[in-house]
Amino acid sequence: MKLTDILKILEEVAPVALSDEFCKKYGMYDNSGIIVDCKKDINGAVFSLDLSKNAIRSAKEKGYNLIITHHPAIYGGISRISADGLIAECLLSGISVISMHLNFDVAPRGIDYYLMCGLGGKNARILADISNGGYGRLYEIQPTVFNVLAEKVKIDFNTERALFYGNSNKQIRKIASFCGAGCDNKAIAFAKSGGADAFVSSDMKHHEISALLEMGINVIHLTHYSAENYGFNKIHTQISTAFSIPTDYFTDKELL
């Protein structure tokens, strides 16, 4: 397959234009699309949340020459390249890279959507909406005692590193969730005004957790990796059959 043909399939789930629209509307920055182009036909692809040495090793072991990441392989400017860096290793090994970041977060069935699904939600009010999708969701779930929900989260998101704050016997009926590093003052106000019983996100600061608890809102603090790996894996399963090449999903268990 051609690299551009693979990008077209990925954009059927979430066009890069979604990222452009989101960035323009909310003052964000992104770098999604083809990041490394080795100008070769693609014989196989590894999906990995990050471009890492382990992901590259996985591609090499399988003989695949494409890695599809969620987090951009190049995010900001690059001032220098070292032969032992990740981008150089991909170039020297003939491995191309596509990154699908904010567009995969905000897509109608993107990573933020699947975080909601994994927590038991179906229909949501969206905080940062765009023409087709958005980020930050508030929704009802089947009423569940918090400590029971906590155990379910650890199983469903395959993580032992999640942290849980608040009354363990509290009935959780409504959740506000934000994939990745999604907690800020607007997100907290959104959760409070919507009557959320629990707030779910990653990379949260102490004062944010403390503020939510003061409001009577329990907190589920997932690792950034587990919060987004869940949905990225779902997307891989959803679209893998559309490729005429073999694909595989790589999970870095040290980050779950």
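This is a predicted model: local features need pLDDT of at least 70, side-chain atom pairs count only at pLDDT 80 or more; totals for chains, interfaces and linings use all residues.

Reply: Residues are numbered from 1 along each chain as its sequence is written, and side-chain values use heavy atoms, with hydrogens and water left out.

Helices (H or I, at least four residues) and strands (E, at least two) are DSSP runs, numbered from the N terminus, and two strands pair if DSSP finds at least two bridges between them.

Both senses of pairing occur here. β6 and β8 run antiparallel and are joined by six bridges; Tyr 139 stands opposite Ile 175 in β8. By contrast, strand β8 (residues 171–177) and strand β9 (residues 198–202) pair in the parallel sense, over three bridges, and Ser 177 has Val 200 of β9 as its bridge partner.

Axes are lines fitted to C-alpha atoms, for helices over the stretch in contact, and angles run from 0 to 180 degrees between N-to-C directions; contact means heavy atoms within 4.5 Å.

β5 and α8 also take part in the largest pocket, whose lining receives two or more residues from each of α2 (16–26), α5 (102–106), β5 (124–130), α8 (185–193) and α10. The volume of this pocket is about 520 Å³. Its lining comprises 22 residues, and Phe 22, Met 28, Tyr 135, Ala 181 and Asp 184 lie nearest its centre. By class, the lining has 13 nonpolar, five polar and four charged residues. (Ala, Val, Leu, Ile, Met, Phe, Trp, Tyr, Cys and Pro count as nonpolar, Asp, Glu, Lys and Arg as charged, and the others, Gly among them, as polar.) On a 1 Å grid over the protein atoms alone, a cavity is a set of points where a 1.4 Å probe fits but cannot get out, while a pocket is an open set with protein on both sides within 12 Å along at least five of seven lines; lining residues have an atom within 4 Å of a point. Grid points are joined across faces, edges and corners, and a volume is the space filled by probe spheres set on the points.

Helix α10 (residues 224–239), one of the contributors to that lining, packs against helix α6 (residues 111–118) at an angle of about 105°, with their axes 8 Å apart. The two helices are therefore roughly perpendicular, where angles under 35 degrees count as roughly parallel, over 145 as roughly antiparallel, 65 to 115 as roughly perpendicular and the rest as oblique. Ile 111, Tyr 114, Leu 115 and Gly 118 of α6 make the contact, with residues of α10 including Tyr 230, Phe 232 and Ile 235. Seven nonpolar, three polar and two charged residues form this contact of α6 with α10.

A further open sheet contains five strands in the order β1-β4-β3-β2-β11, also with mixed pairing. Its edge strands, β1 (33–36) and β11 (247–250), each pair on one side only, and the twist averages 25° from one strand to the next. α10 packs on this sheet too, touching β2 (45–48), β3 (66–69) and β11, with its direction at about 170° to that of β11.
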